[in-house]
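Let's take a friendly tour of a protein model, starting with one residue and then stepping back to the whole chain.

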Amino acid sequence: LKLLDLGYNALSGGIPAAVGNLTRLQILDLEFNQLSGLIPTELQGLHSLGSINLRRNGLTGPIPVHLFNNTNLLTYINIGNNSLSGPIPACIGSLPMLQYLNLQVNNLTGPVPPGIYNISTLSLVALALNGLTGPIPGNQSFNLPLLQWFSVASNSSTGKIPTGLAACRYLQALAVPENLFEDVIPPWLGELTDLQIISFGS
């Protein structure tokens, strides 16, 4: 089995741990259901996975720390709009092909693993509406040349708005309101000619 798509149903209960036995699975889509409970640690056995979409369910607990340790083919992670808690696993920052990362509207806490800001293939980073803390790296540790969408709105991020965004020439949406940034309005905003959405306010 290479594709398991059960999205947009009314499925309830937990995600069966046996899904982790589908070692040839490339696409797992369970979005828009009523699934609850923990994300099974057994899913870390999905070594061929390229896309995982669990958004808009009722999943709780932490994202398993080793969930993405052996998924180097992943390009798409969407587990937004659940009730997940705890930190963002550092292993996400080591995914060499990741293009889309949506973890927004959860209860995630702690700092964002710095490796995430160095995944040069990323085009979307959506981390809004969590409890994330700490600074975002500056331009020397911020390398997202293909970035189009960046949202960390409604967290508790501190420090300055990352100057590395100035090099994101494809950026179309930038949302950083309701944080604890201490900065001026970045002068480089006018140089990003693809920008369509800028949100700094509440």
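## Asn82 and its surroundings

Leaving aside residues up to four places away in sequence, Asn82 touches Leu54, Arg55, Arg56, Asn57, Gly58, Leu59, Val105 and Asn106; a contact here means heavy atoms within 4.5 Å. This is a predicted model, in which local features need pLDDT of at least 70, side-chain atom pairs count only at pLDDT 80 or more, and totals for chains, interfaces and linings use all residues. Residues are numbered from 1 along each chain as its sequence is written, and side-chain values use heavy atoms, without hydrogens and water.

You can find Asn82 in the loop between strand 7 (76-78) and strand 8 (83-86); strands are DSSP runs of E with at least two residues, numbered from the N terminus. Is Asn82 buried or exposed? It counts as buried because its relative accessibility is 8% (buried means under 20% relative accessible area, exposed over 50%, with a 1.4 Å probe and protein chains only).

| Backbone nitrogen reached | Distance from the Asn82 side chain |
|---|---|
| Gly58 | 3.4 Å |
| Leu59 | 3.1 Å |

## The whole chain

Now step back. The protein chain has 17 strands and zero helices (helices would be DSSP runs of H or I with at least four residues). Its C-alpha trace spans about 50 × 30 × 25 Å along the principal axes. Of the 202 residues, 48% count as buried. Among contacts with a separation of 6 or more, 52% come from residues 24 or more positions apart.

How values were computed
A polar contact is a pair of N or O atoms within 3.5 Å; within protein, one must be able to donate a hydrogen and the other to accept it, and residues adjacent in sequence count only if both atoms are side-chain atoms.
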